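Trainee: I would like to learn how to read a model like this one. Please take me through it feature by feature.

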Amino acid sequence: MKRALARLLFVLGLPALLFTLWWVASEGSTNVYWPSLRTILRTFPDVWTGERLRGDVLPSVLRLLGGYTAAAVVGVALGAVIGSYRSVRAVCEPVLEFLRALPPPVLIPVIMLFAGIGDTMRIVVIASGCVWPILLNTAEGVRALDSVMSETARSYGITGTARLRRVVLRSASPQIFAGLRQALSIGIILMVISEMFAAGNGLGFTIVQFQRGFAIPDMWTGILLLGLLGFLLSVLFQLVERRVLGWYHGRRAVTRRSP
Amino acid sequence: MHALLEISGLRKAYEGSGRRTEAIRDLTFSVDAGELVCLVGPSGCGKTTLLKCVGGLLAPTGGDVLLDGRRVGGPPPGMAFVFQEYGRSLFPWMRVGENVELPLRQKKLSKPRRRELVSDALESVGLADAAKAYPWQLSGGMQQRVAIARALAYEPEVLLMDEPFAAVDAQTRADLEDLVRGLWQQRGITILFVTHDIDEAVYLGERVLILSASPTVVQEQLKIDLPGERDQLHTRAAPRFTELRTHVYEQIQAAKREARPGGAG
């Protein structure tokens with residue numbers, strides 16, 4: 001009980017401190033671009049009404065989920081192929097390094113030429129940025145499959161899709177999740193940026209609209225909401241990860257305890 | 001008794017960086033159905049290579065491996081492998097029961113049959129309660145028991161064991177040796193057991209094949225004429241046991257000397 005309380009204090013301590021600092025520092029601010037936190041919080045419920053959540057936040061989240069899921073499927077599939085075959089790896093490596101080095105936002109104008117200015121474009125932009133960490137981490141995880149595990153699978157006739165599904169991808173899952181985690185934060189950034197180009201709704205669009213209309217407190221509430229959204233997604237991600245990688249964390253705890 | 005496993009003229013050479021390393025020169029021996037044969041030899045003599053060739057995990061450079069008259073080209077369903085590195089051979093993301101069950105799924109056995117085989121195998125290695133645990137929650141000796149249970153549930157004609165107890169402590173090792181003897185007697189399976197430990201080979205085997213240093217040939221085949229019922233205390237103290245282990249020891253020393261002609265032992 002006492003330990004749980006101490007933990008809660010650790011978790012909430014810094015956010016509470018920062019919140020208080022912001023509150024105190026901005027209190028009584030007369031700067032138009034730097035409204036007080038009190039004003040921002042008072043504006044929040046007026047701006048983010050149910051209608052706006054449905055009309056702007058939901059489309060954003062759906063785009064993010066669409067692009068992220070597509071990136072996960074493509075990244076894991078290609079990563080598994082690249083990680084499994086040395087020759088494929090040798091051919092793909094230079095190209096991958098090049099493509100990974102391209103910042104996805106610069107691709108938006110190009111992607112717009114092919115995919116138009118609708119949701120498809122935005123989903124493609126999100127996916128094209130998210131795919132790299134997933135792909136590269138999957139390839140690395142698949143490549144690092146333990147030789148004894150691989151031989152065990154072979155000697156017991158575990159081949160083909162069963163080997164891929166039950167051995168290869170499971171053994172690579174800690175790396176795959178590391179990639180998925182990186183991709184999630186990239187995805188949120190690209191979701192916002194892609195909505196700043198030729199959009200009619202979405203979180204990114206709304207925030208830019210507020211800024212251009214000098215509705216500065218409203219703009220700040222949008223930024224706050226984005227932060228909350230990112231935090232929520234990260235918590236959800238952790239829940240899933242803890243379920244899927246329970247074995248991994250458990251084993252690491254055991255090996256750390258014993259010499 | 002008929003020869004279940006026949007190895008004839010087996011050769012294995014590795015090609016690497018322009019240099020050809022001959023690991024196994026010429027091996028010919030057979031294992032009868034229901035026999036427990038131990039392979040023992042000096043360290044680095046290619047025992048693991050040999051066992052992997054027998055199990056179809058490595059392709060030999062020449063010669064044949066026949067299981068029940070059929071040529072072994074890849075891992076056959078009639079063989080099960082127990083590796084030395086139990087920690088890397090069991091899948092850490094599966095519970096003990098799932099580890100034992102996975103090969104049976106590949107055999108397309110029905111679910112009730114699988115369940116029956118899994119619980120029977122776990123019970124016979126003394127781990128009936130551990131099905132729901134993860135392998136890494138168990139001690140090293142228990143993990144190797146799980147690996148043995150997985151091999152048993154697979155219902156192989158031949159069980160191949162590659163220095164399975166090299167990484168566990170002495171007491172656990174003695175328990176596991178007795179477990180293998182016991183399972184062999186109860187189930188009448190055929191076991192080919194590779195070890196570098198001379199005592200272990202003599203204690204376990206009905207027959208011991210002494211291998212030469214690399215490039216490997218069979219130095220001697222030795223029948224172990226100890227009684228069928230063996231136990232750690234009395235068998236190891238018996239004069240005949242001492243004679244046999246001395247003989248094996250001398251043969252291995254001789255094998256090492258031959259490998260280095262003119263060199264001082």
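Trainee: Is Glu155(B) buried, partly exposed or exposed, and why?

Mentor: Keep in mind that this is a predicted model. The general idea is a count of neighbours: a residue is buried if 20 or more other C-beta atoms lie within 10 Å of its own, and exposed if 12 or fewer. Glu155(B) counts as partly exposed because it has 17 C-beta neighbours inside 10 Å. Its place is in the loop between helix 5 (140-153) and strand 7 of chain B.

Trainee: What is the phi of Glu155(B) near?

Mentor: Most residues other than glycine have a negative phi. Glu155(B) has a phi near 50°, a positive value in a residue other than glycine. Asp68(B) also has a positive phi, near 55°. Asp68(B) sits in the loop between strand 4 (62-67) and strand 5 of chain B, and with 15 C-beta neighbours inside 10 Å it counts as partly exposed.

Trainee: Which order do the strands of the open sheet in chain B have?

Mentor: Strands of a sheet pair through backbone hydrogen bonds, either parallel or antiparallel. In chain B, 10 strands form an open sheet in the order 5-4-1-2-10-9-3-8-7-6, and the pairing is mixed. Strand 5 (70-71) and strand 6 (79-82) of chain B are at the edges; each has a single partner strand, so one side of each is left without a neighbour in the sheet.

Trainee: How many bridges join strand 7 of chain B to strand 8 of chain B?

Mentor: There are 5 bridges between strand 7 (residues 158-162) and strand 8 (residues 190-195) of chain B, and the two run parallel. Within this pair, Leu159(B) stands opposite Ile191(B) of strand 8.

Trainee: Which strands of chain B does helix 9 of chain B lie across?

Mentor: Helix 9 (residues 239-259) of chain B lies across strand 3 (36-40), strand 9 (207-211) and strand 10 (216-223) of that chain. The angle between helix 9 and strand 10 of chain B is about 165°.

Trainee: Where is Gly9(B) found, and what is it in contact with?

Mentor: Gly9(B) belongs to strand 1 (residues 3-16) of chain B. Because Gly9(B) has 12 C-beta neighbours inside 10 Å, it counts as exposed. Neighbours within four places in sequence aside, the contacts of Gly9(B) are with Asp26(B), Thr28(B), Gly62(B), Gly63(B) and Asp64(B).

Trainee: Which domains does the domain assignment of chain B give?

Mentor: It gives domain 1 (1-26 + 56-73) and domain 2 (77-208). The contact between them takes 4 residues from domain 1 of chain B and 6 residues from domain 2 of chain B. On the domain 1 side, the residues are 3 nonpolar, no polar and 1 charged. The centres of the two domains of chain B, taken over C-alpha atoms, are 25 Å apart.

Trainee: How many residues does the contact take from chain A and from chain B?

Mentor: The contact takes 18 residues from chain A and 19 residues from chain B. Helix 7 of chain A gives the most to the chain A side, with 6 residues. By class, that side of chain A has 8 nonpolar, 4 polar and 6 charged residues.

Trainee: Where does UniProt place the feature "transmembrane region" in chain A?

Mentor: The unreviewed UniProt entry places it at residues 65-85, 106-135, 183-208 and 220-240 of chain A. In the model, residues 65-85 of chain A are 95% helix and 0% strand, with end C-alpha atoms 30 Å apart. Residues 183-208 of chain A are 69% helix and 0% strand, and their end C-alpha atoms lie 24 Å apart.

Conventions:
Residues numbered from 1 in each chain as written. Chains lettered and ligands numbered in written order. Predicted model: local features only at pLDDT ≥ 70, side-chain atom pairs only at ≥ 80, totals over all residues. Domains from an automatic or database assignment. Contact = placed C-beta atoms within 7 Å. Nonpolar A, V, L, I, M, F, W, Y, C, P; charged D, E, K, R; others polar. Helix = DSSP H or I, 4+ residues; strand = E, 2+ residues; numbered from the N terminus. Pairing = 2+ DSSP bridges. Axes fitted to C-alpha atoms, helices over the stretch in contact; angles between N-to-C directions. UniProt positions renumbered as here; feature names shortened; annotations may be inferred.
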